[in-house]
Amino acid sequence: MTFKRRKTIIQDRFKDSKIKCDPAHPTYENILEALYALTYMNPGNLKKPRGFHIRTRFTDSMNLSEYSAHIRNFFVQKSSYNPPRITVCETDNTGVHHHHALVIDDSKDRIYSLHHLHAELKKSGRLADYSIIPPTHDRHGNCLITRHEQDRYFEWMSYIAKTRSKLCRHQMWSGSRSVTSSLSQWRADGKPKLNPPTNENSPASSTACDLSDFIGLPMAPRSRTPPGRLQSRLKRQVLWRKHNTETAMVGILTR
């Protein structure tokens, strides 16, 4: 768990990515940095990362470390990975609650896995209440594969870095090991931009070439025959021609 530094920002962008921030709603820079690493670095090396916002309020029977252990054990046993995540602890007029930015692997799990785990924790008396919040544009969670999707999630979740209306002046955050490791590496590298502009409408495998090189060249006929069958057919044709040639030669010699 890390106490938040006092450094805040008031710009509406962070590393060229839009965030929910302005002079009236400053945000903590270190939370944004952790969220930036979570969103753009894919700390868990997930095949199909999909992000969620989870809000929890614990009972006296569970603390944040125990909650994190439940998350880790559930997904490791079920799907063999530990979801990357960051947690922000806040205090309001009803007490302490937590905001979690959590990413699961959509090729292995769905939002139903999160519902099942949290329902069990509430049933066992460890959670007082919880909300698993997908983005408004996709009830299954925010996909994090393309630049556009990553930007969307980063802007949406920048909400948890806000400072306005925070009653607790010692607001804290924590992150899973994969996130803190990626964040440390990113800082050591000089905090570079991780979201360079891309043209996502272009085919991923497109290669630049001069089409004038091919103008006037005859087009090869398309073959609908699979390679294996084509090879067998050519072999039969060669044998047939050889047979016909040998037959013709025998006919000439016997005349």
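How many residues does helix α2 have, and how far does it reach from its first C-alpha to its last? In this predicted model, helix α2 spans residues 64–79 and has 16 residues. From its first C-alpha to its last it reaches 22 Å, close to the 22 Å expected at 1.5 Å a residue.

Both ends of this helix show local features. At the start of α2, a side-chain oxygen of Asn 63 comes to within 3.2 Å of the backbone nitrogen of Ser 65. Just after the helix, Ser 80 adopts a positive phi of about 65°. The buried residues of α2 are Leu 64, Tyr 67, Ala 69, Ile 71, Phe 74, Phe 75 and Ser 79. An α-helix has 3.6 residues a turn, so residues three or four places apart point the same way. The packing partners of the buried residues of α2 are strands β6 (49–58), β7 (85–92), β8 and β11 (172–175), together with helix α3 (111–123).

Phe 58 lies in strand β6. Its relative accessibility is 15%, and Phe 58 therefore counts as buried, the cut-off being under 20%. Beyond the residues up to four places away in sequence, Phe 58 touches Asn 63, Leu 64 and Tyr 67, as well as His 98, Arg 126, Leu 127 and Ala 128. Although Phe 58 and Leu 127 are 69 residues apart along the chain, their C-alpha atoms are separated by 4.6 Å.

His 100 is placed in strand β8, which comprises residues 95–105. With a relative accessibility of 1%, His 100 likewise counts as buried. The side chain of His 100 is joined to that of Thr 56 by a polar contact of 2.7 Å. When neighbours within four places in sequence are left aside, the contacts of His 100 include Phe 52, His 53, Ile 54 and Thr 56. Leu 64, Tyr 67, Ile 86, Thr 87 and Met 157 are also in contact with His 100.

A further packing arrangement involves helix α1 (residues 29–40) and helix α5 (residues 177–188), whose axes are 9 Å apart and meet at an angle of about 105°. Helix α1 is therefore roughly perpendicular to α5, since angles of 65 to 115 degrees fall in that class. From α1, the contact is made by Asn 30, Glu 33, Ala 34, Tyr 36, Ala 37 and Leu 38, and from α5 by Val 179, Leu 183, Trp 186 and Arg 187. The residues of this contact divide into seven nonpolar, one polar and two charged.

How values were computed: Residues are numbered from 1 along each chain as its sequence is written. This is a predicted model: local features need pLDDT of at least 70, side-chain atom pairs count only at pLDDT 80 or more; totals for chains, interfaces and linings use all residues. Side-chain values use heavy atoms; hydrogens and water are left out. Helices (H or I, at least four residues) and strands (E, at least two) are DSSP runs, numbered from the N terminus. Buried means under 20% relative accessible area, exposed over 50%, partly exposed in between (1.4 Å probe, protein chains only). A polar contact is a pair of N or O atoms within 3.5 Å; within protein, one must be able to donate a hydrogen and the other to accept it, and residues adjacent in sequence count only if both atoms are side-chain atoms. Contact means heavy atoms within 4.5 Å. The expected span of a helix is 1.5 Å times one less than its number of residues. Axes are lines fitted to C-alpha atoms, for helices over the stretch in contact, and angles run from 0 to 180 degrees between N-to-C directions. Angles under 35 degrees count as roughly parallel, over 145 as roughly antiparallel, 65 to 115 as roughly perpendicular and the rest as oblique. Ala, Val, Leu, Ile, Met, Phe, Trp, Tyr, Cys and Pro count as nonpolar, Asp, Glu, Lys and Arg as charged, and the others, Gly among them, as polar.
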